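Q: Could you take me through the labels used for this structure, and set each one against the criterion behind it?

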Amino acid sequence: MATYSSNLLRLLSERGYIHQTTDAEGLDALASKEVVTGYIGFDATAPSLHVGSLVQIMMLRRLQQAGHRPIVLMGGGTSKVGDPSFKSEERKLLGEEDIAANIAGISQVFARFLAFGDGPTDAVLVDNSDWLDKLEYLPFLREVGRHFSVNRMLTFDSVQLRLEREQSLSFLEFNYMIMQAYDFLELSRRNGCRLQMGGSDQWGNIVNGVELCRRADGTEVFAVTTPLITTADGGKMGKTAKGAVWLNSEGPEGYSLSPYDYWQFWRNAADADVGRFLRLFTDLPLDEIARLEALEGAEINGAKVVLATEATALLHGREAADAAAATAASTFAGGGSGEALPQVSTGGEIGVLAALVALGFCASNGEAKRKVAEGAVKLDGEPVSDISLVVPVSSERKLSLGKKRHGLLLP
(Lines give C-alpha, C1' and ligand atoms only; values in the text may rest on other atoms or scores of the structure.)
Protein backbone atom coordinates (compact mmCIF):
# COMPACT_ATOMS: atom_id res chain seq x y z
CA MET A 1 0.00 0.00 0.00
CA ALA A 2 1.32 3.44 -0.97
CA THR A 3 2.30 5.89 1.78
CA TYR A 4 0.59 9.27 1.61
CA SER A 5 1.10 12.48 3.59
CA SER A 6 -2.43 13.88 3.20
CA ASN A 7 -5.34 12.78 5.36
CA LEU A 8 -7.43 12.42 2.22
CA LEU A 9 -5.38 9.85 0.34
CA ARG A 10 -4.45 8.01 3.53
CA LEU A 11 -8.12 7.64 4.38
CA LEU A 12 -9.11 6.55 0.87
CA SER A 13 -6.21 4.12 0.65
CA GLU A 14 -6.64 2.52 4.07
CA ARG A 15 -10.32 1.87 3.46
CA GLY A 16 -9.86 0.42 -0.02
CA TYR A 17 -11.33 3.10 -2.28
CA ILE A 18 -8.42 3.74 -4.64
CA HIS A 19 -8.14 1.89 -7.93
CA GLN A 20 -6.60 4.45 -10.30
CA THR A 21 -5.24 7.97 -9.96
CA THR A 22 -3.93 10.36 -12.59
CA ASP A 23 -1.22 11.90 -10.40
CA ALA A 24 -1.27 10.56 -6.85
CA GLU A 25 1.80 12.55 -5.75
CA GLY A 26 0.41 15.80 -7.07
CA LEU A 27 -3.00 15.27 -5.47
CA ASP A 28 -1.36 14.21 -2.20
CA ALA A 29 0.71 17.40 -2.12
CA LEU A 30 -2.30 19.58 -2.93
CA ALA A 31 -4.53 17.93 -0.30
CA SER A 32 -1.77 18.36 2.30
CA LYS A 33 -1.68 22.14 1.96
CA GLU A 34 -5.22 23.30 1.04
CA VAL A 35 -8.91 22.40 0.93
CA VAL A 36 -9.57 20.41 -2.24
CA THR A 37 -12.95 20.63 -3.94
CA GLY A 38 -13.93 17.34 -5.57
CA TYR A 39 -17.03 16.04 -7.29
CA ILE A 40 -18.87 12.96 -8.47
CA GLY A 41 -21.70 13.02 -11.00
CA PHE A 42 -24.97 11.10 -10.71
CA ASP A 43 -27.28 10.82 -13.71
CA ALA A 44 -31.01 10.88 -13.02
CA THR A 45 -31.96 7.64 -14.77
CA ALA A 46 -34.31 6.38 -12.00
CA PRO A 47 -36.24 7.83 -9.02
CA SER A 48 -33.67 6.41 -6.59
CA LEU A 49 -30.02 5.48 -6.56
CA HIS A 50 -29.21 1.89 -5.68
CA VAL A 51 -26.53 0.37 -3.51
CA GLY A 52 -24.18 0.20 -6.52
CA SER A 53 -23.84 3.98 -6.19
CA LEU A 54 -23.15 3.84 -2.47
CA VAL A 55 -19.38 3.55 -2.79
CA GLN A 56 -19.38 6.86 -4.70
CA ILE A 57 -21.51 8.54 -2.04
CA MET A 58 -19.13 7.23 0.61
CA MET A 59 -16.19 8.64 -1.36
CA LEU A 60 -17.74 12.10 -1.08
CA ARG A 61 -18.28 11.46 2.64
CA ARG A 62 -14.60 10.51 3.05
CA LEU A 63 -13.58 13.65 1.16
CA GLN A 64 -15.50 15.77 3.66
CA GLN A 65 -14.29 13.74 6.66
CA ALA A 66 -10.72 14.49 5.56
CA GLY A 67 -11.40 18.24 5.63
CA HIS A 68 -12.22 18.86 1.98
CA ARG A 69 -15.25 20.08 0.01
CA PRO A 70 -17.58 17.73 -1.88
CA ILE A 71 -19.75 18.64 -4.86
CA VAL A 72 -22.71 16.42 -5.73
CA LEU A 73 -23.31 16.91 -9.44
CA MET A 74 -26.80 16.04 -10.62
CA GLY A 75 -26.87 15.03 -14.27
CA GLY A 76 -29.94 16.97 -15.33
CA GLY A 77 -28.22 17.68 -18.65
CA THR A 78 -26.28 14.46 -19.25
CA SER A 79 -29.38 12.39 -18.39
CA LYS A 80 -30.89 13.72 -21.62
CA VAL A 81 -28.16 11.86 -23.49
CA GLY A 82 -27.44 8.75 -21.41
CA ASP A 83 -24.04 7.30 -20.56
CA PRO A 84 -23.17 4.54 -23.06
CA SER A 85 -20.31 3.18 -20.93
CA PHE A 86 -20.37 -0.63 -21.08
CA LYS A 87 -24.05 -0.67 -22.12
CA SER A 88 -25.09 -3.06 -24.89
CA GLU A 89 -27.77 -0.75 -26.24
CA GLU A 90 -28.85 2.89 -26.16
CA ARG A 91 -30.64 4.06 -23.03
CA LYS A 92 -34.26 5.13 -23.27
CA LEU A 93 -34.42 8.90 -23.66
CA LEU A 94 -36.04 10.60 -20.66
CA GLY A 95 -38.25 13.67 -20.80
CA GLU A 96 -37.76 16.86 -18.78
CA GLU A 97 -40.48 15.94 -16.24
CA ASP A 98 -39.08 12.45 -15.67
CA ILE A 99 -35.57 13.81 -15.12
CA ALA A 100 -36.83 16.47 -12.70
CA ALA A 101 -38.80 13.87 -10.72
CA ASN A 102 -35.80 11.53 -10.63
CA ILE A 103 -33.51 14.30 -9.38
CA ALA A 104 -36.01 15.11 -6.62
CA GLY A 105 -35.96 11.45 -5.56
CA ILE A 106 -32.21 10.98 -5.80
CA SER A 107 -31.08 14.19 -4.13
CA GLN A 108 -32.76 13.49 -0.78
CA VAL A 109 -30.27 10.70 0.00
CA PHE A 110 -27.15 12.88 0.08
CA ALA A 111 -28.12 14.83 3.20
CA ARG A 112 -27.83 11.55 5.14
CA PHE A 113 -24.15 11.27 4.28
CA LEU A 114 -22.92 14.86 3.80
CA ALA A 115 -23.14 18.17 5.64
CA PHE A 116 -24.40 20.87 3.26
CA GLY A 117 -23.96 24.61 3.76
CA ASP A 118 -21.86 27.64 2.89
CA GLY A 119 -18.70 26.82 4.83
CA PRO A 120 -15.33 26.03 3.21
CA THR A 121 -15.80 22.26 3.54
CA ASP A 122 -19.60 22.13 3.32
CA ALA A 123 -21.07 20.10 0.48
CA VAL A 124 -22.95 21.72 -2.40
CA LEU A 125 -25.35 20.22 -4.92
CA VAL A 126 -25.35 21.48 -8.49
CA ASP A 127 -27.03 20.42 -11.75
CA ASN A 128 -25.13 20.28 -15.05
CA SER A 129 -28.25 21.36 -16.93
CA ASP A 130 -27.36 24.85 -15.66
CA TRP A 131 -24.65 25.01 -18.31
CA LEU A 132 -25.29 22.16 -20.73
CA ASP A 133 -28.80 23.39 -21.60
CA LYS A 134 -27.34 26.77 -22.57
CA LEU A 135 -24.58 25.58 -24.89
CA GLU A 136 -24.57 26.82 -28.47
CA TYR A 137 -23.47 24.17 -30.93
CA LEU A 138 -20.88 25.98 -33.05
CA PRO A 139 -19.20 27.86 -30.18
CA PHE A 140 -19.06 24.59 -28.20
CA LEU A 141 -17.43 22.75 -31.13
CA ARG A 142 -14.88 25.52 -31.56
CA GLU A 143 -14.01 25.90 -27.88
CA VAL A 144 -14.27 22.29 -26.68
CA GLY A 145 -14.59 19.89 -29.60
CA ARG A 146 -11.20 20.83 -31.03
CA HIS A 147 -9.50 19.35 -27.96
CA PHE A 148 -10.83 15.82 -28.58
CA SER A 149 -9.32 13.21 -30.88
CA VAL A 150 -11.91 10.86 -32.39
CA ASN A 151 -9.10 8.35 -32.97
CA ARG A 152 -8.42 8.26 -29.23
CA MET A 153 -12.09 8.23 -28.25
CA LEU A 154 -12.57 5.12 -30.38
CA THR A 155 -9.96 3.28 -28.32
CA PHE A 156 -11.86 3.59 -25.02
CA ASP A 157 -13.10 0.28 -23.66
CA SER A 158 -16.66 1.54 -23.33
CA VAL A 159 -16.74 2.36 -27.05
CA GLN A 160 -14.74 -0.65 -28.19
CA LEU A 161 -17.17 -3.02 -26.49
CA ARG A 162 -20.08 -1.73 -28.54
CA LEU A 163 -18.11 -1.69 -31.78
CA GLU A 164 -16.74 -5.20 -31.32
CA ARG A 165 -20.24 -6.53 -30.74
CA GLU A 166 -21.41 -4.62 -33.83
CA GLN A 167 -24.01 -2.86 -31.68
CA SER A 168 -24.98 0.62 -32.78
CA LEU A 169 -23.43 3.56 -30.93
CA SER A 170 -25.39 6.71 -31.79
CA PHE A 171 -23.76 10.09 -32.32
CA LEU A 172 -25.84 11.29 -29.36
CA GLU A 173 -24.22 8.74 -27.04
CA PHE A 174 -20.77 9.35 -28.52
CA ASN A 175 -21.05 12.95 -27.29
CA TYR A 176 -21.57 11.87 -23.69
CA MET A 177 -17.87 11.65 -22.88
CA ILE A 178 -17.32 15.17 -24.20
CA MET A 179 -20.18 16.49 -22.07
CA GLN A 180 -18.81 14.78 -18.95
CA ALA A 181 -15.39 16.26 -19.61
CA TYR A 182 -16.98 19.68 -20.05
CA ASP A 183 -18.64 19.30 -16.63
CA PHE A 184 -15.19 19.13 -15.05
CA LEU A 185 -14.10 22.26 -16.94
CA GLU A 186 -17.21 24.17 -15.81
CA LEU A 187 -16.86 23.06 -12.19
CA SER A 188 -13.19 24.04 -12.28
CA ARG A 189 -14.12 27.51 -13.50
CA ARG A 190 -17.21 28.02 -11.33
CA ASN A 191 -16.27 26.25 -8.10
CA GLY A 192 -12.49 25.85 -8.16
CA CYS A 193 -12.97 22.09 -8.43
CA ARG A 194 -9.68 20.20 -8.70
CA LEU A 195 -10.74 16.56 -8.34
CA GLN A 196 -13.18 14.22 -10.03
CA MET A 197 -13.92 10.82 -8.53
CA GLY A 198 -15.95 7.90 -9.83
CA GLY A 199 -16.07 4.21 -10.59
CA SER A 200 -13.39 2.49 -12.63
CA ASP A 201 -15.83 2.17 -15.55
CA GLN A 202 -15.67 5.99 -15.83
CA TRP A 203 -11.88 6.20 -16.13
CA GLY A 204 -11.84 7.16 -19.81
CA ASN A 205 -14.49 9.83 -19.38
CA ILE A 206 -12.79 11.26 -16.29
CA VAL A 207 -9.35 11.40 -17.92
CA ASN A 208 -10.94 13.33 -20.80
CA GLY A 209 -12.01 15.96 -18.28
CA VAL A 210 -8.55 16.14 -16.73
CA GLU A 211 -6.99 16.72 -20.15
CA LEU A 212 -9.65 19.24 -21.20
CA CYS A 213 -9.00 21.38 -18.12
CA ARG A 214 -5.29 21.36 -18.90
CA ARG A 215 -5.69 22.13 -22.60
CA ALA A 216 -8.45 24.74 -22.32
CA ASP A 217 -7.32 26.64 -19.21
CA GLY A 218 -3.92 25.25 -18.26
CA THR A 219 -5.42 24.08 -14.93
CA GLU A 220 -3.97 21.04 -13.19
CA VAL A 221 -6.78 18.80 -11.95
CA PHE A 222 -6.84 15.22 -10.70
CA ALA A 223 -8.81 11.98 -10.86
CA VAL A 224 -9.38 9.03 -8.54
CA THR A 225 -11.47 5.97 -9.36
CA THR A 226 -12.71 3.16 -7.16
CA PRO A 227 -12.45 -0.54 -7.97
CA LEU A 228 -15.52 -2.35 -9.27
CA ILE A 229 -17.33 -3.54 -6.15
CA THR A 230 -18.22 -7.21 -6.50
CA THR A 231 -19.19 -9.85 -3.98
CA ALA A 232 -16.83 -12.61 -2.85
CA ASP A 233 -18.27 -14.99 -5.47
CA GLY A 234 -17.53 -12.48 -8.25
CA GLY A 235 -21.14 -11.37 -8.67
CA LYS A 236 -22.34 -7.80 -9.08
CA MET A 237 -23.05 -6.18 -5.75
CA GLY A 238 -26.61 -5.17 -4.97
CA LYS A 239 -28.75 -7.71 -6.82
CA THR A 240 -31.31 -9.75 -4.89
CA ALA A 241 -34.45 -11.73 -5.67
CA LYS A 242 -36.31 -8.43 -5.30
CA GLY A 243 -34.06 -6.74 -7.85
CA ALA A 244 -31.94 -3.69 -7.13
CA VAL A 245 -31.20 -2.65 -3.55
CA TRP A 246 -32.61 0.89 -3.65
CA LEU A 247 -31.43 3.61 -1.27
CA ASN A 248 -34.80 5.36 -0.94
CA SER A 249 -37.23 3.85 1.57
CA GLU A 250 -40.20 5.57 -0.07
CA GLY A 251 -40.98 6.31 -3.69
CA PRO A 252 -42.57 4.89 -6.84
CA GLU A 253 -43.36 1.19 -6.80
CA GLY A 254 -40.32 -0.87 -7.68
CA TYR A 255 -37.85 1.89 -6.76
CA SER A 256 -37.75 1.77 -2.96
CA LEU A 257 -36.67 -0.60 -0.21
CA SER A 258 -37.66 -0.70 3.46
CA PRO A 259 -35.00 -0.14 6.14
CA TYR A 260 -35.53 -3.73 7.28
CA ASP A 261 -34.90 -5.18 3.81
CA TYR A 262 -31.87 -2.91 3.48
CA TRP A 263 -30.58 -4.21 6.83
CA GLN A 264 -31.17 -7.77 5.65
CA PHE A 265 -29.16 -7.15 2.47
CA TRP A 266 -26.07 -6.35 4.53
CA ARG A 267 -26.77 -9.10 7.08
CA ASN A 268 -26.73 -11.64 4.25
CA ALA A 269 -23.22 -10.63 3.09
CA ALA A 270 -20.77 -13.45 2.51
CA ASP A 271 -18.24 -14.09 5.28
CA ALA A 272 -15.37 -13.06 3.00
CA ASP A 273 -16.99 -9.68 2.27
CA VAL A 274 -17.53 -8.51 5.84
CA GLY A 275 -14.22 -6.73 6.45
CA ARG A 276 -14.12 -5.03 3.06
CA PHE A 277 -17.74 -3.86 3.34
CA LEU A 278 -17.17 -2.54 6.87
CA ARG A 279 -14.26 -0.44 5.60
CA LEU A 280 -16.14 0.88 2.59
CA PHE A 281 -19.66 1.34 3.91
CA THR A 282 -19.39 2.17 7.63
CA ASP A 283 -17.53 4.67 9.80
CA LEU A 284 -16.27 2.08 12.28
CA PRO A 285 -12.60 2.54 13.27
CA LEU A 286 -10.16 0.34 11.38
CA ASP A 287 -8.94 -1.47 14.50
CA GLU A 288 -12.50 -2.49 15.36
CA ILE A 289 -13.04 -3.66 11.78
CA ALA A 290 -9.87 -5.75 11.99
CA ARG A 291 -11.23 -7.40 15.13
CA LEU A 292 -14.59 -8.13 13.55
CA GLU A 293 -13.27 -9.56 10.30
CA ALA A 294 -10.97 -11.91 12.23
CA LEU A 295 -13.97 -13.66 13.81
CA GLU A 296 -14.57 -17.20 12.63
CA GLY A 297 -17.35 -19.76 12.54
CA ALA A 298 -20.69 -18.70 13.97
CA GLU A 299 -19.11 -15.58 15.50
CA ILE A 300 -18.81 -13.96 12.07
CA ASN A 301 -22.60 -13.58 12.15
CA GLY A 302 -22.13 -11.06 14.94
CA ALA A 303 -19.89 -9.03 12.62
CA LYS A 304 -22.57 -9.18 9.93
CA VAL A 305 -25.13 -7.79 12.35
CA VAL A 306 -22.73 -4.91 13.09
CA LEU A 307 -22.23 -4.32 9.35
CA ALA A 308 -25.99 -4.34 8.71
CA THR A 309 -26.77 -2.04 11.62
CA GLU A 310 -23.99 0.48 10.93
CA ALA A 311 -24.69 0.64 7.18
CA THR A 312 -28.42 1.04 7.78
CA ALA A 313 -27.84 3.72 10.41
CA LEU A 314 -25.91 5.85 7.91
CA LEU A 315 -28.74 5.73 5.37
CA HIS A 316 -31.91 5.49 7.46
CA GLY A 317 -30.85 6.70 10.91
CA ARG A 318 -29.87 4.93 14.10
CA GLU A 319 -33.45 4.39 15.28
CA ALA A 320 -34.48 2.57 12.08
CA ALA A 321 -31.29 0.51 12.13
CA ASP A 322 -31.78 -0.57 15.74
CA ALA A 323 -35.43 -1.41 15.03
CA ALA A 324 -34.41 -3.60 12.09
CA ALA A 325 -31.78 -5.36 14.20
CA ALA A 326 -34.27 -5.93 17.01
CA THR A 327 -36.88 -7.31 14.61
CA ALA A 328 -34.34 -9.68 13.11
CA ALA A 329 -33.18 -10.84 16.53
CA SER A 330 -36.77 -11.50 17.61
CA THR A 331 -37.59 -13.33 14.39
CA PHE A 332 -34.48 -15.49 14.27
CA ALA A 333 -34.21 -16.28 17.95
CA GLY A 334 -37.79 -16.64 19.10
CA GLY A 335 -39.90 -17.10 16.03
CA GLY A 336 -41.45 -13.72 16.68
CA SER A 337 -42.43 -11.01 14.27
CA GLY A 338 -42.04 -7.28 14.03
CA GLU A 339 -43.42 -4.32 12.17
CA ALA A 340 -40.19 -3.91 10.17
CA LEU A 341 -40.60 -7.26 8.40
CA PRO A 342 -41.70 -7.15 4.74
CA GLN A 343 -45.47 -7.42 4.51
CA VAL A 344 -48.14 -8.13 1.92
CA SER A 345 -51.89 -7.57 2.22
CA THR A 346 -53.78 -10.62 0.95
CA GLY A 347 -57.45 -9.71 1.03
CA GLY A 348 -58.10 -12.80 3.12
CA GLU A 349 -56.15 -15.48 1.26
CA ILE A 350 -53.19 -15.95 -1.05
CA GLY A 351 -51.42 -18.79 -2.85
CA VAL A 352 -48.11 -19.71 -1.27
CA LEU A 353 -46.26 -19.21 -4.57
CA ALA A 354 -47.82 -15.78 -5.08
CA ALA A 355 -46.93 -14.87 -1.49
CA LEU A 356 -43.27 -15.78 -1.97
CA VAL A 357 -43.12 -13.57 -5.08
CA ALA A 358 -45.09 -10.71 -3.50
CA LEU A 359 -42.75 -10.62 -0.49
CA GLY A 360 -39.76 -10.49 -2.83
CA PHE A 361 -38.36 -13.82 -1.67
CA CYS A 362 -38.56 -15.32 -5.16
CA ALA A 363 -38.34 -13.66 -8.56
CA SER A 364 -40.94 -15.95 -10.22
CA ASN A 365 -43.47 -18.68 -9.56
CA GLY A 366 -40.98 -21.16 -11.01
CA GLU A 367 -38.36 -20.24 -8.43
CA ALA A 368 -41.02 -20.37 -5.70
CA LYS A 369 -42.01 -23.90 -6.77
CA ARG A 370 -38.38 -25.01 -6.49
CA LYS A 371 -38.05 -23.53 -3.01
CA VAL A 372 -41.19 -25.35 -1.83
CA ALA A 373 -39.93 -28.60 -3.38
CA GLU A 374 -36.59 -28.13 -1.60
CA GLY A 375 -38.40 -27.86 1.76
CA ALA A 376 -37.12 -24.31 2.26
CA VAL A 377 -40.53 -22.71 2.89
CA LYS A 378 -42.33 -22.53 6.24
CA LEU A 379 -45.69 -21.07 7.23
CA ASP A 380 -45.90 -20.08 10.89
CA GLY A 381 -42.89 -22.30 11.53
CA GLU A 382 -44.33 -25.38 9.80
CA PRO A 383 -42.86 -26.76 6.54
CA VAL A 384 -44.87 -26.22 3.35
CA SER A 385 -44.79 -29.05 0.79
CA ASP A 386 -47.85 -28.29 -1.39
CA ILE A 387 -47.12 -25.83 -4.22
CA SER A 388 -50.87 -25.32 -4.75
CA LEU A 389 -51.51 -24.35 -1.12
CA VAL A 390 -53.86 -21.40 -0.69
CA VAL A 391 -53.14 -19.72 2.64
CA PRO A 392 -56.17 -18.40 4.56
CA VAL A 393 -55.26 -15.14 6.26
CA SER A 394 -57.71 -13.96 8.90
CA SER A 395 -54.90 -12.64 11.12
CA GLU A 396 -51.17 -12.00 10.78
CA ARG A 397 -49.22 -15.04 9.54
CA LYS A 398 -45.47 -15.48 9.06
CA LEU A 399 -44.01 -16.94 5.86
CA SER A 400 -40.33 -17.91 5.90
CA LEU A 401 -37.81 -18.86 3.23
CA GLY A 402 -34.84 -20.60 4.78
CA LYS A 403 -33.54 -19.38 8.11
CA LYS A 404 -32.93 -15.75 7.23
CA ARG A 405 -35.92 -14.48 5.25
CA HIS A 406 -39.25 -13.85 6.95
CA GLY A 407 -42.33 -11.87 5.96
CA LEU A 408 -45.85 -11.21 7.18
CA LEU A 409 -49.10 -12.09 5.42
CA LEU A 410 -51.81 -9.64 6.49
CA PRO A 411 -55.60 -9.96 6.02
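**Labels and their grounds**

A: In this predicted model, helix α6 (residues 137-143) gives the most to the nonpolar patch, with three residues. The patch is formed on the surface by Y137, L138, L141 and F171, which together have about 470 Å² of accessible area.

Q: Why is F171 called exposed?

A: F171, which lies in helix α9 (residues 171-174), has a relative accessible area of 57%; exposed means over 50%, and therefore F171 is exposed.

Q: Why does T37 count as buried?

A: The relative accessibility of T37 is 6%, and buried means under 20%, so T37 counts as buried. T37 has its place in strand β2 and, leaving aside residues up to four places away in sequence, touches R69, I71, N191, G192, C193, R194 and L195. Of these, R69 is the bridge partner of T37 in β3.

Q: What makes β2 and β3 a pair of strands?

A: Two strands pair if there are at least two bridges between them; strand β2 (residues 37-43) and strand β3 (residues 69-75) are joined over seven bridges, in the parallel sense, and therefore they count as paired.

Q: Which strands are the edge strands of the sheet, and what makes them so?

A: The open sheet has six strands in the order β1-β6-β5-β2-β3-β4, with mixed pairing. Its edge strands are β1 (20-21) and β4 (124-127), each of which pairs on one side only.

Q: Which strands does helix α10 lie across?

A: Helix α10 (residues 176-191) lies across β2, β3, β4, β5 (195-199) and β6 (222-226), and runs at about 145 degrees to β2.

Definitions and conventions:
Residues are numbered from 1 along each chain as its sequence is written. This is a predicted model: local features need pLDDT of at least 70, side-chain atom pairs count only at pLDDT 80 or more; totals for chains, interfaces and linings use all residues. Side-chain values use heavy atoms; hydrogens and water are left out. Helices (H or I, at least four residues) and strands (E, at least two) are DSSP runs, numbered from the N terminus. Contact means heavy atoms within 4.5 Å. Axes are lines fitted to C-alpha atoms, for helices over the stretch in contact, and angles run from 0 to 180 degrees between N-to-C directions. Patches are made of residues with over 30% relative accessible area and no salt bridge: like charges are joined within 9 Å, nonpolar side chains (Val, Leu, Ile, Met, Phe, Trp, Tyr) within 5 Å. Accessible areas come from the Shrake-Rupley method with a 1.4 Å probe; for residues, only the protein chains shown count as cover. A salt bridge is a side-chain nitrogen of Lys or Arg within 4 Å of a carboxyl oxygen of Asp or Glu. Buried means under 20% relative accessible area, exposed over 50%, partly exposed in between (1.4 Å probe, protein chains only).
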